[in-house]
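This report goes through one protein model, from paired strands to the chain as a whole. Please look at the sequence and the structure first.

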Amino acid sequence: MEMRKLGSQGPEISVVGFGAWEAGGDTWGPNQSEDVVIEAMRAAFDAGITWIDTAEVYGKGRSEEIVGRALAGRPRDQFQVFTKVGSKPEGSGYRPAEIKQAIRGSLGRLGLDHVDLYQIHWPVADMSIEETWGAMVELVDEGLTRHIGVSNFDRDLIQRCLAVGNVDSEQNQFSLFRQEDRDDLLPWLDEAGIGFLAYSPLAFGMLTGAITMETEFDPSDFRSGKRFQGEAYRNLFAPEVREQRLRRVERLRAVAERLEVPVATLALRWVVEQHGVTAAIAGSRNPNHVRSNASAGDLRLDDRTLREIEGIFA
Ligand SMILES: NC(=O)c1ccc[n+]([C@@H]2O[C@H](COP(=O)([O-])OP(=O)(O)OC[C@H]3O[C@@H](n4cnc5c(N)ncnc54)[C@H](OP(=O)(O)O)[C@@H]3O)[C@@H](O)[C@H]2O)c1
């Protein structure tokens with residue numbers, strides 16, 4: 001498993017991480033058996049993945065609780081846990097006292113005395129980011145987290161954080177179907193010594209080769225469009241766009257078959273090959289999928305293959 005440093009001051013992490021949003025259930029259809037989810041997390045560590053990404057909001061705390069159970073008894077220096085604080089309906093959620101309360105809540109559910117990375121999940125309008133970032137820096141000083149990062153932030157907001165203290169990482173959506181950050185944000189982050197964690201690198205499963213026109217998602221799964229019709233549904237899964245998306249995935253499958261690797265492995269490796277990307281967070285709750293995704297950590301692609309893949313998604 002290839003390892004990389006997260007930003008200029010962060011830890012060494014595997015280039016593929018375990019995303020625990022699905023593990024919390026809720027927006028991903030009916031809850032999967034907790035035993036299977038825990039088996040998937042343990043399979044990740046066995047395959048060389050060093051970190052799990054979760055958040056207080058995933059499954060309304062269930063994801064963090066399951067991560068805590070999966071980690072129980074494991075030596076603390078053998079894994080890294082990244083979690084996030086989100087805004088709250090009743091207020092900003094990002095005032096210093098709220099952040100300190102939130103991290104204690106997460107640590108309680110995880111059964112840990114510190115996390116390795118604590119992230120602001122998304123920005124809110126008119127947030128007092130300097131005050132918020134000051135509180136995040138204090139969490140490091142207090143030993144509650146080793147490192148701090150942001151998610152879904154733009155460059156201006158990150159610059160305002162940098163005026164207050166170090167920023168270890170940015171977490172943003174990035175995949176073959178979502179390459180917007182490639183030319184601007186990624187080189188800038190790299191220059192600034194800020195790590196980049198790519199979320200939804202498999203385009204919510206669309207880039208795995210497992211989804212077809214016939215795939216019917218559970219009505220409680222956001223990809224069905226029956227619960228709400230968010231951006232992911234409209235851009236990837238809605239019947240009027242799905243066929244066009246799948247045509248590209250079929251062309252990616254042809255490359256994967258030639259290289260004798262799973263489609264998802266190839267899509268993940270393309271992400272971590274991009275300049276400025278530190279690692280990709282592959283969301284899963286299935287031990288076999290996790291093992292397959294971890295294999296992207298060892299795959300090497302030559303320039304010709306990378307260009308061929310880019311041509312498919314141009
Ligand atoms: N910061 C943010 O705002 C934000 C937003 C979204 C996600 N995230 C983080 O990023 C992680 C990953 O993103 P994501 O979950 O949105 O999308 P993703 O990783 O692009 O896709 C996850 C989907 O792909 C399927 N899958 C994974 N590996 C597979 C394989 N080898 N073969 C077939 N299917 C496979 C999963 O199904 P199975 O469960 O059956 O494996 C799941 O349905 C999340 O868990 C979360 O930690 C962060």
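In strand 5, the residue opposite Trp51 is Gln80. The model is predicted: local features need pLDDT of at least 70, side-chain atom pairs count only at pLDDT 80 or more, and totals for chains, interfaces and linings use all residues. Residues are numbered from 1 along each chain as its sequence is written, and side-chain values use heavy atoms, with hydrogens and water left out.

Strand 4 and strand 5 are parallel and pair over three bridges; two strands pair if DSSP finds at least two bridges between them. Strand 5 covers residues 80-85, and six of its six residues are buried. Buried means under 20% relative accessible area, exposed over 50%, and partly exposed in between, with a 1.4 Å probe and protein chains only. From strand 5, Gln80, Phe82 and Lys84 point one way, while Val81, Thr83 and Val85 point the other way.

Strand 3 runs over residues 16-19 and is covered on both faces. Val16 and Phe18 are buried on one side, and Gly17 and Gly19 are buried on the other.

Strand 3 pairs with strand 4 (residues 51-53) in the parallel sense, over two bridges. It is also joined to strand 10 (residues 279-283) by four bridges, again in parallel. Phe18 takes part in both pairings: Ile52 stands opposite Phe18 in strand 4, and Ala282 is the bridge partner of Phe18 in strand 10.

## Helix 9

How many of the ten residues of helix 9 are buried? Helix 9 (residues 263-272) has ten of its ten residues buried. Among them are Arg269 and Trp270, along with Val263, Leu266 and Val272.

The cover over these buried residues includes strand 1 (3-5), strand 9 (195-199) and strand 10, as well as helix 8 (239-259), helix 10 (287-294) and helix 11 (303-312). Contact here means heavy atoms within 4.5 Å.

The loop between strand 9 and helix 7 (231-237) holds Ser200. Ala203 is found in the loop between strand 9 and helix 7 as well. Ser200 is not a glycine, yet its phi is positive, at about 50°. Ala203, also not a glycine, has a positive phi of about 50°.

Are Ser200 and Ala203 buried or exposed? Ser200 has a relative accessible area of 13% and is therefore buried. Ala203 has 3% relative accessibility, so Ala203 counts as buried too.

## The whole chain

The protein chain has eleven helices and ten strands. Helices (H or I, at least four residues) and strands (E, at least two) are DSSP runs, numbered from the N terminus. Along its principal axes, the C-alpha trace spans about 50 × 40 × 40 Å.

Buried residues make up 56% of the 314 residues. Of the contacts between residues at least 6 apart in sequence, 75% join residues at least 24 apart. The chain exposes about 13300 Å², with carbon and sulfur atoms supplying 46% of it; accessible areas come from the Shrake-Rupley method with a 1.4 Å probe, and for residues only the protein chains shown count as cover.
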